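Open the model in your viewer and keep the sequence at hand. We'll walk through it piece by piece, from the backbone to the rings.

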Amino acid sequence: MKSSDSGDSIQNTGKRANGRGHNTSIDVAKLAGVSQATVSRAFNPASKMNPSTRQRVLDAASALKYAPDAIARSLISNSTNIVAVIMQNTTNPFYATVLSKLSIRLRSMGKQILFFYLDDEGHMKDLIHQILQYRVDGILITSVTLTSDLADTCVDFGVPVVLFNRYMNTPGIQAVCCDNVQAGRDCADYFFMKGYRSFAFIGGHDEASTSHDRRRGFVSRLEERGIYDCSVINTPFTYEGGRDGFRRLLEQEGTCPKALFCVSDLVCAGVLDCARFEYNLKVPEDVAVIGFDDIELASYNSYSITSFVQPMDSMIDRVLDLLLSEKQPSESTNLTLFPCTLKTRGTA
């Protein structure tokens with residue numbers, strides 16, 4: 001049947017076209033004057049078609065109170081078009097931005113997110129088994145890692161898993177990260193170039209590959225430059241963690257090191273407020289501070305944080321390639337690293 005792109009509007013009759021309990025795509029096709037295949041494509045944002053034709057189909061669907069049956073479609077195609085996302089650190093604006101960008105990208109591809117908040121890492125096993133019941137097309141895990149047993153379970157089910165900003169040496173589990181080690185080294189070089197000679201690292205814990213690698217790169221580069229007494233303060237990835245970490249640093253050292261590398265911008269904001277308002281230190285005159293992630297707060301005049309920028313869009317592109325590609329990755333490594341860039345502002 002030939003499609004019509006005329007501007008004629010389709011009235012909302014509110015009636016069933018065929019007297020059955022629900023209207024179908026056949027009814028929509030008849031009312032819109034298009035083929036049934038055109039109706040299917042109109043509801044797929046990734047499909048290419050004349051915008052006026054798509055709108056005519058959507059108008060007809062609205063008039064008939066029709067919506068595609070995603071469950072039935074998944075049974076036919078053997079694909080749910082759903083990607084599960086597991087996230088633990090939802091208070092970090094960086095991951096909130098990742099989630100929103102990922103959702104927009106997936107929606108443009110005709111796919112949806114099924115979001116799961118992990119309140120405790122001990123619940124990961126139950127969560128993974130719950131997710132697998134939904135027959136998702138892939139699983140993205142941020143800010144937390146899998147055990148090898150759970151990784152094997154996902155592989156056995158044939159569900160691709162990608163870790164974002166975490167990695168593990170398990171066959172079949174892909175990971176996408178920024179090059180945290182190199183960023184730590186670049187931070188040490190930047191501070192050294194600015195003339196600083198006393199240092200500290202604040203934030204995170206060794207169980208998180210992000211903080212472990214940022215600290216390792218920073219400390220190892222300082223040691224290559226002859227500095228062996230860099231203080232390390234482990235804290236949560238939070239604003240309060242930064243405030244508490246700075247207090248502990250001064251209690252431990254007696255005086256404030258001249259240059260601080262913080263594991264994230266949230267931690268950095270806590271460090272800055274504690275340094276300025278509790279200890280009356282000037283930044284960067286008394287102490288220089290560098291953060292990580294370049295969240296929106298970092299650009300505010302009240303903070304103006306010098307921060308490492310992760311290429312989020314490129315990283316998300318790679319995640320989607322790994323999750324949704326029909327071909328298995330041919331790379332010999334299961335880790336994809338992206339370089340960071342330093343955005344200089346007022347704190348260093």
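Just past helix 1, glycine 33 takes a positive phi of about 75°. Helices here are DSSP runs of H or I with at least four residues, strands are runs of E with at least two, and both are numbered from the N terminus. Before we go on, note that this is a predicted model, in which local features need pLDDT of at least 70, side-chain atom pairs count only at pLDDT 80 or more, and totals for chains, interfaces and linings use all residues. Residues are numbered from 1 along each chain as its sequence is written, and side-chain values use heavy atoms, with hydrogens and water left out.

Back to helix 1, which covers residues 25-32: Ser25, Asp27, Val28, Ala29 and Ala32 are buried there. Buried means under 20% relative accessible area, exposed means over 50%, and partly exposed is in between (1.4 Å probe, protein chains only). Those buried residues of helix 1 pack against helix 2 (36-42) and helix 3 (51-63).

Now for the whole chain. Its secondary structure comes to 12 helices and 12 strands, and buried residues make up 47% of its 348 residues. Take the contacts (heavy atoms within 4.5 Å) between residues at least 6 apart in sequence: 69% of them join residues at least 24 apart.

Let's look at how some helices sit together. Two packed helices are described by the angle between their axes and the distance between the axes. The axes are lines fitted to C-alpha atoms, for helices over the stretch in contact, and the angles run from 0 to 180 degrees between N-to-C directions. Helix 8 (residues 180-193) packs on helix 9 (residues 209-224) at about 40°, with the axes 7 Å apart. That angle makes helix 8 oblique to helix 9; under 35 degrees counts as roughly parallel, over 145 as roughly antiparallel, 65 to 115 as roughly perpendicular, and the rest as oblique. The contact residues of helix 8 with helix 9 divide into six nonpolar, five polar and seven charged.

Helix 10 (residues 239-253) and helix 11 (residues 265-277) pack at an angle of about 50°, and their axes are 6 Å apart. Helix 10 is therefore oblique to helix 11, and their crossing is right-handed. Among the residues in contact are Tyr239, Gly242 and Phe246 of helix 10 and Leu266, Gly270 and Cys274 of helix 11. The contact of helix 10 with helix 11 divides into eight nonpolar, two polar and three charged residues.

What about the aromatic rings? Rings of Phe, Tyr and Trp (its six-membered ring) pair if their centres lie within 6.5 Å; planes under 30 degrees apart count as stacked, over 60 as edge-to-face and the rest as tilted. By this rule there are 14 aromatic pairs. Phenylalanine 192 and phenylalanine 199 are stacked, at 6.5 Å centre to centre with 10° between the planes, and both are buried. Phenylalanine 292 and phenylalanine 308 also form a stacked pair, at 5.3 Å and 25°. This pair links strand 9 (residues 288-292) and strand 10 (residues 306-309), with its two residues 16 apart in the chain. Phenylalanine 292 counts as buried because its relative accessibility is 0%, and phenylalanine 308 because its value is 2%. Ring pairs join a cluster that includes Phe191, Phe192, Phe199, Phe218, Phe292 and Phe308.

The loop between strand 9 and strand 10 holds alanine 298, which counts as buried at 0% relative accessibility. Which residues does alanine 298 contact, leaving aside its neighbours within four places in sequence? They are Asp265, Tyr303, Ser304, Ile305 and Arg345. Alanine 298 and arginine 345 are 47 residues apart in sequence, yet 8.8 Å apart in space, C-alpha to C-alpha.

Most residues other than glycine have a negative phi, and most peptide bonds are trans. Serine 304, in the loop between strand 9 and strand 10, has a positive phi of about 50°. Asparagine 81 has a phi near 60° and is found in the loop between helix 4 (70-77) and strand 1 (82-87). The peptide bond from valine 283 to proline 284 is cis, with omega near 10°.

Notes:
Left-handed = near helix turned anticlockwise from the far one by under 90°. Nonpolar A, V, L, I, M, F, W, Y, C, P; charged D, E, K, R; others polar.
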